[in-house]
Amino acid sequence: MTVLLVFLGGAVGAPSRYLLDRYVRAKLAAPFPSGTLVVNLIGCFILGLISAGVAHAGWSPSVQALAGTGFCGGLTTFSTFSVEAVELLQGRRPGASAGYVLASCGFGIAVAALGYAVG
């Protein structure tokens, strides 16, 4: 049953990532991959919220499997973030790469903590 919940969450999270990434990139002219950054920050917040709900508010572990592991796992992407940071470096844009990495990691931890505090 848990594997099915993860599968269903991922089936919604992955296309959500694709569509949101494309939308953000079309709307924002940023010097780095803004779509991946926004998607990952949203995922960090949601996962922080879900983790707190399961740990402190008695939410079912099924919520963690469906929305946390499944949806957030499908929504967020460390591999794309990593490749995009390397591509910025290869394109001789070290400042943009550093800013992207710092924003992704720093803001990611901050919004995960915010989500956890809210949850």
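This is a predicted model: local features need pLDDT of at least 70, side-chain atom pairs count only at pLDDT 80 or more; totals for chains, interfaces and linings use all residues.

Leu 66 belongs to a nonpolar patch on the surface, together with Met 1, Leu 4, Phe 7 and Leu 8. The accessible area of these residues together is about 550 Å². Helix α1 (residues 2–27) gives the patch its largest share, three residues.

## Thr 36

Thr 36 sits in helix α2, residues 34–56. With a relative accessible area of 4%, Thr 36 is buried, because the class takes in values under 20%.

Residues up to four places away in sequence aside, Thr 36 touches Asp 21, Arg 25, Thr 77, Thr 80, Phe 81, Glu 84 and Tyr 100.

## The largest nonpolar core

Eight residues make up the largest nonpolar core: Leu 37, Leu 41, Phe 81, Ala 85, Leu 88, Ala 96, Tyr 100 and Ala 103. At least two residues of this core come from each of α2, α4 (78–90) and α5 (94–118). In soluble globular proteins, nonpolar side chains tend to be buried together.

Phe 81 and Tyr 100, both members of this core, are also among the residues that Thr 36 touches. Ala 85, another core member, is in contact with Ser 97, Tyr 100 and Val 101, leaving aside neighbours within four places in sequence.

Conventions:
Residues are numbered from 1 along each chain as its sequence is written. Side-chain values use heavy atoms; hydrogens and water are left out. Patches are made of residues with over 30% relative accessible area and no salt bridge: like charges are joined within 9 Å, nonpolar side chains (Val, Leu, Ile, Met, Phe, Trp, Tyr) within 5 Å. Accessible areas come from the Shrake-Rupley method with a 1.4 Å probe; for residues, only the protein chains shown count as cover. A salt bridge is a side-chain nitrogen of Lys or Arg within 4 Å of a carboxyl oxygen of Asp or Glu. Helices (H or I, at least four residues) and strands (E, at least two) are DSSP runs, numbered from the N terminus. Buried means under 20% relative accessible area, exposed over 50%, partly exposed in between (1.4 Å probe, protein chains only). Contact means heavy atoms within 4.5 Å. A nonpolar core is a set of buried Ala, Val, Leu, Ile, Met, Phe, Trp, Tyr and Cys residues joined through side-chain atoms within 4.5 Å.
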